[in-house]
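Have the sequence and the 3D view open as you read.

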Amino acid sequence: MTLWNIILLASIIGVALKLAGYLVPQSLLEKPTPARISNLLTVALLAALVGVQTFASDSQVVIDARVPAVMVAAGLFAIRAPFIVVIISAALVAALIRLFFPV
Amino acid sequence: MVPPRLPVLLQLSFTVSSSELPATAERGPEDRAAFRTGLSVALAVSAYGISFGALSVAAGLDVWQTCVLSLLMFSGGSQFALIGVIASGGVAAGPAAIAASALLGSRNGLYAIRMAPIIGPGFFRRLAAGWLTIDESTAVATAQPTIRSQRIGFWVTGVGIFVGWNIMTLVGALIGDLLGDVRQYGLDAAAAAAFLGLRWPRLKELQPVIVAIAAAVVATVLTPALPPGLPILAAALVAVVVGAFNWWGKRA
């Protein structure tokens with residue numbers, strides 16, 4: 001297997017996985033239970049992503065600068081601060097903590 | 001032009017390729033909000049492309065191979081997983097690299113199921129949408145209140161990241177990691193905060209709130225035990241079980 005084989009095969013699998021979801025018959029997704037599951041799946045995947053992006057470092061769970069940054073973001077979202085302001089604040093909090101407390 | 005709150009079926013007849021969108025002045029406020037959110041997410045995420053380009057070349061891929069991954073595979077998690085395995089195991093680790101990237105990419109297929117009714121019919125539109133179905137485009141789309149703003153959110157985020165990610169991949173591959181570790185700018189925390197903020201306003205009922213919290217806990221707890229990608233997929237089981245039995249749901 002050459003490097004090109006690996007790259008093309010993995011890419012084709014990646015695209016096929018994305019496209020497969022669009023092949024699910026729409027009539028099925030109009031039924032209440034499949035529609036509910038499909039909706040909750042997105043909620044679960046994206047919430048899981050928040051958890052992993054906040055706590056995971058390679059295969060370990062760590063508490064680092066991301067945790068206070070995400071907590072600040074949660075507080076700002078709770079008082080309905082604009083999206084972009086919250087994102088920049090979160091980045092700033094994490095960046096400043098890492099600047100002053102390098103690991 | 002189309003008022004923002006037409007019934008879904010009516011809106012389907014006013015299709016949404018971006019060239020057909022009305023001028024900014026005619027868009028409703030939620031359409032503009034979707035556009036802005038998509039653009040800001042695209043800008044932040046594209047910055048990661050430079051890291052990918054630089055790391056990919058360091059892992060032993062050439063510039064062409066690096067760019068093909070960003071163009072064709074176009075899924076950050078899968079791409080980083082692939083070059084990570086190649087960097088440590090070389091070409092001999094090919095099957096493991098392909099498996100790792102497929103594991104990270106399989107959640108895109110689940111997003112696609114959710115996105116399909118939003119995208120609407122049409123072979124080429126679905127093909128393009130499929131290509132652009134990633135964490136960010138799905139998150140921005142499903143965070144919007146109307147089907148129209150959901151479509152705008154999806155396409156602006158997807159196309160914006162596709163362009164930015166590929167340009168930055170090439171820059172990183174050619175001249176290396178100018179930015180250094182993006183974590184020093186807090187970009188990793190910003191990504192987590194962005195997904196949190198996109199989800200939060202839509203969590204108004206008990207059922208999705210419980211699913212979201214349980215999924216985040218399950219994925220985090222399983223992180224040390226499972227290979228990357230699997231914890232998030234395992235958390236998806238929460239949605240399948242709660243959805244199938246309609247626990248904490250509204251009775252129809």
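Q: What makes the crossing of H4(A) and H10(B) right-handed or left-handed?
A: The structure here is a predicted model, and in it H4(A) passes H10(B) in a right-handed crossing. A crossing takes that name if the near helix is turned clockwise from the far one by less than a right angle. The axes of H4(A) and H10(B), residues 187-199 of chain B, cross at roughly 35° and come within 9 Å.

Q: Which residues make the contact between H4(A) and H10(B)?
A: From H4(A) come A:Arg66, A:Ala69, A:Val70, A:Ala73, A:Ala74 and A:Phe77. H10(B) answers with B:Asp188, B:Ala189, B:Ala192, B:Ala193, B:Leu196 and B:Gly197. By class, that contact has nine nonpolar, one polar and two charged residues.

Q: Why is B:Ala97 called buried?
A: A residue is buried if 20 or more other C-beta atoms lie within 10 Å of its own. B:Ala97 has 28 other C-beta atoms within 10 Å, so B:Ala97 is buried. You will find B:Ala97 in helix H6 of chain B, residues 94-119.

Q: Which residues is B:Ala97 in contact with, leaving aside its neighbours within four places in sequence?
A: B:Ala97 is in contact with A:Ile6 and A:Ala10 from chain A, and with B:Leu82, B:Val85 and B:Ile86 from chain B. Two residues are in contact if their C-beta atoms lie within 7 Å. For another view of B:Ala97, look towards B:Leu237, 140 residues apart along the chain: their C-alpha atoms are separated by 25 Å.

Q: How many residues does each chain bring to the contact between them?
A: Chain A brings 65 residues and chain B brings 79. On the side of chain A that touches chain B, the largest share comes from H3(A), with 22 residues. That side of chain A divides into 47 nonpolar, 14 polar and four charged residues.

Q: Which residues touch the most other members of the largest nonpolar core?
A: They are A:Ala44, A:Ala48, A:Ala90, B:Ala189, B:Ala193, B:Ala215 and B:Ala239, out of 104 residues in that core. H3(A) gives the most to this core, with 13 residues. A:Ala48 is in contact with several residues of chain B, including B:Ala215, B:Ala219, B:Pro231 and B:Ala235.

Q: Why is this core said to lie between domain 1 and domain 2 of chain B?
A: Domain 1 (26-197) and domain 2 (203-252) of chain B both give residues to the core, so the core lies between them. The C-alpha centres of these two domains lie 23 Å apart.

Q: How many residues of domain 1 of chain B are in contact with domain 2 of chain B?
A: Seven residues of domain 1 are in contact with seven residues of domain 2. H6(B) gives the most to the domain 1 side, with five residues. By class, the domain 1 side has four nonpolar, two polar and one charged residues.

Q: What does the secondary structure of chain B come to?
A: Chain B comes to twelve helices and zero strands. Buried residues make up 52% of its 252 residues. Among contacts in chain B between residues at least 6 apart in sequence, 70% join residues at least 24 apart.

Conventions
Residues numbered from 1 in each chain as written. Chains lettered and ligands numbered in written order. Predicted model: local features only at pLDDT ≥ 70, side-chain atom pairs only at ≥ 80, totals over all residues. Helix = DSSP H or I, 4+ residues; strand = E, 2+ residues; numbered from the N terminus. Buried ≥ 20, exposed ≤ 12 C-beta atoms within 10 Å, placed from the backbone. Nonpolar A, V, L, I, M, F, W, Y, C, P; charged D, E, K, R; others polar. Core = buried A, V, L, I, M, F, W, Y, C linked by C-beta atoms within 7 Å. Domains from an automatic or database assignment. Axes fitted to C-alpha atoms, helices over the stretch in contact; angles between N-to-C directions.
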